[in-house]
Amino acid sequence: MVVLTEPDNDHLPIINSNSCKSPSFFNDIPVIDLSKPDSKNLIVEACEEFGFFKVVNHDVPIEFISKLESEAIKFFSSPLSEKLKAGPADPFGYGNKQIGQSGDIGWVEYILLSTNSEFNYQKFASVLGVNPENIRAAVNDYVTAVKRMSCEILEKLAEGLKIHPTNVFSKLLKDEKSDSVFRLNHYPPCPDIQEFNAKNLIGFGEHTDPQIISVLRSNNTSGLQILLKNGNWFSVPPDQSSFFVNVGDSLQVMTNGRFKSVKHRVLTNSVKSRLSMIYFGGPPLSEKIAPLPSLMEGEESSLYKEFTWFEYKKSAFKSRLAQNRLTLFEKFGTS
């Protein structure tokens, strides 16, 4: 049985369902078939309208997904006393309820890992019944395949924007110094949610992702919601065979606000557990992030001050989840 520390009902974030307009399933989320020739234009449209889309007909082998999911379930099914041996997250390793260092908490436990090939998995060696080499192999196979798909998406995106060369975004992920990370989130069922009457317990609070792109895959348990332009939250129907892509803050800046990083959150389920895997594609720490000149039209001015990924990352991780992290880097108060 999976166990988190007992929920502290006075401190776990909750929302009143009445304040969430129609948190029903939203069936018009853009679906991108990567095998179709027009996918490059549809990706651009999706990034402009939603900052979010679903990907089908990808080349990520199902056996890589299944293998990693199996290893994740094995780890998260361990007793809490064992899992804690792989923590605390510093920032890498096992974390429980605490999200970041600024006081955010949620009904979630997670493993945060570097995608660097030299990352040390020995934190997991002392966890009874868990083989760190098996986790390493499963993560490496999965991340390699998802990274390849992410680069394909970014190159199609550049092509759709008529940017040359088309590797302007993908080269940042392919760089050997790319600061990309990988996260496994587990949201156990929370039977105590019934106590809140018409309220939802937050598994992971609303936020945007600071990187260039994030690619998510989850099991068939619902919970993920995105914030639409009209201010309504909508639940994303789960699909364990597909991937969901978020525009990150860095891509918003590189497109001078043409694309918007999408706010999203996860609500808990009282009966079923949710397992998600997220690849966050980031640039090298020294990379300067600024609007691409080729996307600036006429006399258009940059909406953002130039900054390095290190500077933004440092600022973002000092902030609370729900804050607009780009505000400090805006020139004219764009949001």
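Predicted model: local features only at pLDDT ≥ 70, side-chain atom pairs only at ≥ 80, totals over all residues.
## Overall make-up

The protein has 335 residues, and 53% of them count as buried. Its secondary structure comes to seven helices and 15 strands. Among contacts between residues at least 6 apart in sequence, 75% join residues at least 24 apart.

The structure holds zero disulfides. C47 is buried because its relative accessibility of 2% is under the 20% cut-off. C151 is buried as well, with a relative accessible area of 4%.

## The largest pocket

The largest pocket holds about 810 Å³ of space. Its lining is made up of 39 residues, and those nearest the centre are I99, L112, R183, F204 and F317.

By residue class, the lining of the largest pocket divides into 19 nonpolar, 12 polar and eight charged residues.

## The second largest pocket

For the second largest pocket the volume is about 530 Å³. It is lined by 22 residues, and T208, K260, S261, V262 and K263 are the closest to its centre. The helices α1 (39–49) and α6 (249–254) each supply at least two residues of the lining.

The lining of the second largest pocket consists of seven nonpolar, seven polar and eight charged residues.

## Helix α1

Which residues of α1 are buried? They are S39, I43, V44, A46 and C47. Seen down the axis of α1, these buried residues fall within an arc of 165°, so they line one face of the helix. In general, an α-helix has 3.6 residues a turn, so residues three or four places apart point the same way.

Just after α1, G51 takes a positive phi of about 70°.

L227 is in strand β9, which spans residues 224–227. Is L227 buried, partly exposed or exposed? At 27% relative accessibility it counts as partly exposed, because this value lies between the cut-offs of 20% and 50%.

Leaving aside residues up to four places away in sequence, L227 touches N232, W233, V262 and K263. Of these, V262 and K263 are among the residues closest to the centre of the second largest pocket. The C-alpha atoms of L227 and F50 are separated by 8.8 Å, while the two residues are 177 apart along the chain.

## Cis peptide bonds

The peptide bond from D90 to P91 is cis, with omega near 5°. P91 is in the loop between α3 (80–83) and β4 (93–99).

A cis peptide bond also joins H164 and P165, where omega is about 0°. P165 lies in the loop between α4 and α5 (170–174).

N57 has a phi near 55°, a positive value in a residue other than glycine. It is found in the loop between β3 and α2 (62–76). With a relative accessible area of 48%, N57 is partly exposed.

N256 is likewise not a glycine, and its phi is positive at about 55°. Its place is in the loop between α6 and β12. N256 counts as buried because its relative accessibility, 5%, is under the 20% cut-off.

Key: Residues numbered from 1 in each chain as written. Heavy atoms only, no water. Disulfide = S-S within 2.5 Å. Buried < 20%, exposed > 50% of the residue type's maximum accessible area, 1.4 Å probe, protein only. 1 Å grid on protein atoms, 1.4 Å probe; cavity = no way out; pocket = protein on both sides within 12 Å on 5 of 7 lines; lining within 4 Å. Points joined across faces, edges and corners; volume = space filled by probe spheres on them. Nonpolar A, V, L, I, M, F, W, Y, C, P; charged D, E, K, R; others polar. Helix = DSSP H or I, 4+ residues; strand = E, 2+ residues; numbered from the N terminus. Contact = heavy atoms within 4.5 Å. Arc of directions from axis to C-beta.
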